[in-house]
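Here is a short briefing on the structure shown below. Topics follow in groups.

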Amino acid sequence: MIDIHPMVIFFAAIFTNNMILSNFLGMCSFIAVSNEIKTSLSLGQAVTFVLTFTTLLNYLVYHYIMVPLGIEYLRYIVFIIVIAAFVQLVEMIIDRYFQTLYYALGIFLPLITVNCAILGVSLFMVIRQYSLLQSLAFGVGSGLGWTLAIVMLAGIRQRIKKNPLPKGLEGPGITLIITGLMALAFVGFSGMVQIQ
Amino acid sequence: MTVILTQVVVISGISGILALLLSIANRTIGDYGEKKMTINDEKEYIIDAGDSLLATLVSEEIFIPSACGGKGSCGYCKVHVSEGGGQFLPTEAGYVNPEEQAEGVRLSCQLKVKEDIKIEIPEELFNVKQYDYQVTKLDTVTPKIKHLRLELPKDKEINFKPGQYIQILTPTYKGSDEEVYRAYSIASSPADNKAVELFIGYVPEGVCTTYIHQHLKLNDQLTVVGPFGDFYYQHNDREMVMVAVGTGMAPIMSILKYMQEQKIERKVTFYFGARSGEDLYMMDILKDMEKKMPNFELKCCLSRPKDEDEWDEDTGRVTDLIETYVLDASDKEAYLCGSPKVIDSVVDKLRAKGMPEEHIYYDKFE
């Protein structure tokens with residue numbers, strides 16, 4: 001265990017160790033679903049939800065099943081299976097019982113199953129030897145950080161929608177450049193907290 | 001050894017438990033029971049709810065056009081839902097505009113059937129069926145065009161209007177790893193309802209045409225769905241102007257065969273354009289029709305005749321034929337088929353000669 005206060009990890013996951021802007025994880029849906037603030041906010045919420053619970057689940061699976069059996073090196077495959085099963089189960093449940101939530105979040109869930117940010121958080125949690133509370137803070141924080149990044153990007157993209165762009169830069173091209181600039185801006189936070 | 005075994009057992013155990021959990025969930029939470037689907041207020045189906053509307057329709061053997069196979073990326077599978085469709089989904093917004101949305105148009109591959117549902121689809125789609133056809137003819141009629149005959153399974157038949165098209169599901173082959181649907185007009189007569197004939201041109205790097213020209217063999221099976229399309233023979237007495245280039249002859253051929261069989265004696269002239277003599281095909285059949293149908297006339301032109309063609313008829317493009325032979329188009333109707341470029345220029349020409357826009361029917365091959 002390392003001795004960092006969970007709140008520090010929480011804020012670091014949002015600002016200095018942002019999943020997208022400093023680790024470049026979860027880029028595919030980040031680029032694809034950032035056309036509108038409203039949809040990107042829904043996707044961000046879905047990611048935060050899934051991140052929180054899969055981190056928790058994977059923590060339990062890792063420490064209570066895999067470590068005692070000495071099969072830590074199989075964590076990649078186990079984490080992926082756990083994440084996929086969890087997302088599918090959640091989708092089924094909210095599709096059946098929480099209709100409004102389904103229309104807001106549910107349809108994005110399949111998109112997130114294969115999001116590398118989710119797997120990334122579970123793996124970082126293991127590599128950095130977080131405790132349960134730290135992992136939880138890291139999961140929630142990473143989700144919020146991801147949401148913050150995608151909503152900001154969507155805001156910028158909405159603003160530049162009508163601006164004339166060179167043909168080759170339209171769509172993903174300019175989006176990646178914007179992401180790069182945002183990442184540079186986030187470097188400014190690096191004096192605040194550090195967890196690596 | 002035991003170490004490896006335990007690990008395999010543990011991983012399988014975890015996956016197994018999760019799979020069990022999911023299948024239980026699928027049986028309980030995911031089971032929406034039997035619901036009723038009403039189509040066009042007349043046909044009723046009892047369906048297993050829980051699937052997408054598109055999948056549900058396919059399971060009832062109702063095939064609506066869909067090019068992407070339910071990924072929500074082509075926008076062809078639009079259906080009018082009057083009741084029980086649930087809320088409009090963000091994934092549909094890219095293909096259904098606000099006016100359509102207000103009328104109840106939905107993307108059937110995205111919408112999940114969870115309650116009794118009422119939908120409206122065009123009547124002709126009930127005719128649309130998907131079967132595995134057998135290739136019984138695969139002739140090369142010009143250096144770039146193949147003439148195919150596909151026969152239906154024994155107890156099935158296809159009912160189409162002359163001029164309509166079918167879609168071929170191109171299987172994966174070396175160099176193409178995605179199954180795609182491609183549309184081809186039917187060249188045979190509707191009376192010949194146990195088979196369809198097609199003219200398929202070779203397009204460099206075309207997924208389906210490459211398959212047909214280079215991989216398909218006689219007696220192979222080919223999955224075909226259809227018929228589709230709103231380009232077909234119109235019943236009236238106007239004189240007909242038909243224009244085609246290349247494989248665009250297919251739907252025209254079907255219409256002509258239909259007219260010959262039904263003994264329809266409207267005046268009809270077919271203007272066909274090709275590059276040189278080797279690109280002319282089906283000429284014996286057309287010449288034979290000319291003899292048997294008193295009011296049918298065929299006019300071909302070559303844009304680049306070769307010396308060995310000994311061509312003494314018209315040269316130039318089909319638009320030149322229209323210019324020369326169609327004097328007053330105001331009381332005629334036109335059936336055009338071929339590349340968008342050719343069709344656009346022919347439409348301009350016919351409009352200039354007084355043909356009303358609503359009497360010009362065309363099928364653009366893209």
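Axes are lines fitted to C-alpha atoms, for helices over the stretch in contact, and angles run from 0 to 180 degrees between N-to-C directions. The model is predicted: local features need pLDDT of at least 70, side-chain atom pairs count only at pLDDT 80 or more, and totals for chains, interfaces and linings use all residues. Residues are numbered from 1 along each chain as its sequence is written, while chains are lettered from A and ligands numbered from 1 in the order in which they are written. Helices (H or I, at least four residues) and strands (E, at least two) are DSSP runs, numbered from the N terminus.

**Between the chains**

- 15 residues of chain A are in contact with 16 residues of chain B (C-beta atoms, placed from the backbone, within 7 Å).
- The chain B side of that contact has ten nonpolar, six polar and no charged residues.
- Ala, Val, Leu, Ile, Met, Phe, Trp, Tyr, Cys and Pro count as nonpolar, Asp, Glu, Lys and Arg as charged, and the others, Gly among them, as polar.
- Helix α4 (residues 75-97) of chain A packs with helix α1 (residues 2-28) of chain B at about 10°, the axes being 10 Å apart.
- α4(A) is therefore roughly parallel to α1(B) (angles under 35 degrees).
- The α4(A) residues in this contact include I77(A), I81(A) and L89(A), and those of α1(B) include I14(B), L18(B) and L22(B).
- By class, the residues of the α4(A) contact with α1(B) are twelve nonpolar, two polar and no charged.

**The chain B sheet**

- Six strands form an open, antiparallel sheet in the order β9-β8-β11-β6-β7-β10 (chain B); strands pair if DSSP finds at least two bridges between them.
- β9 and β10 of chain B are the edge strands, each pairing on one side only.
- From one strand to the next, the twist averages 40°.
- β6 (residues 129-142) and β7 (residues 145-151) of chain B run antiparallel, joined by seven bridges.
- A hairpin of two residues links β6(B) to β7(B).
- Seven bridges also join β7(B) to antiparallel β10 (residues 195-201) of chain B.
- H147(B) in β7(B) is the bridge partner of D139(B), and H147(B) also stands opposite F199(B) in β10(B).

- Helix α4 (residues 207-215) of chain B has buried residues C208(B), T209(B), Y211(B) and I212(B) (buried: 20 or more other C-beta atoms within 10 Å of the residue's own, C-beta atoms being placed from the backbone).
- Seen down the axis of α4(B), these buried residues fall within an arc of 160°, so they line one face of the helix; the arc is that of the directions from the helix axis to the C-beta atoms.
- The buried residues of α4(B) pack against β7, β8 (165-170), β9 (180-185) and β10 of chain B.

Conventions:
Two residues are in contact if their C-beta atoms, placed from the backbone, lie within 7 Å. A residue is buried if 20 or more other C-beta atoms lie within 10 Å of its own, exposed if 12 or fewer, and partly exposed in between; C-beta atoms are placed from the backbone. Angles under 35 degrees count as roughly parallel, over 145 as roughly antiparallel, 65 to 115 as roughly perpendicular and the rest as oblique.
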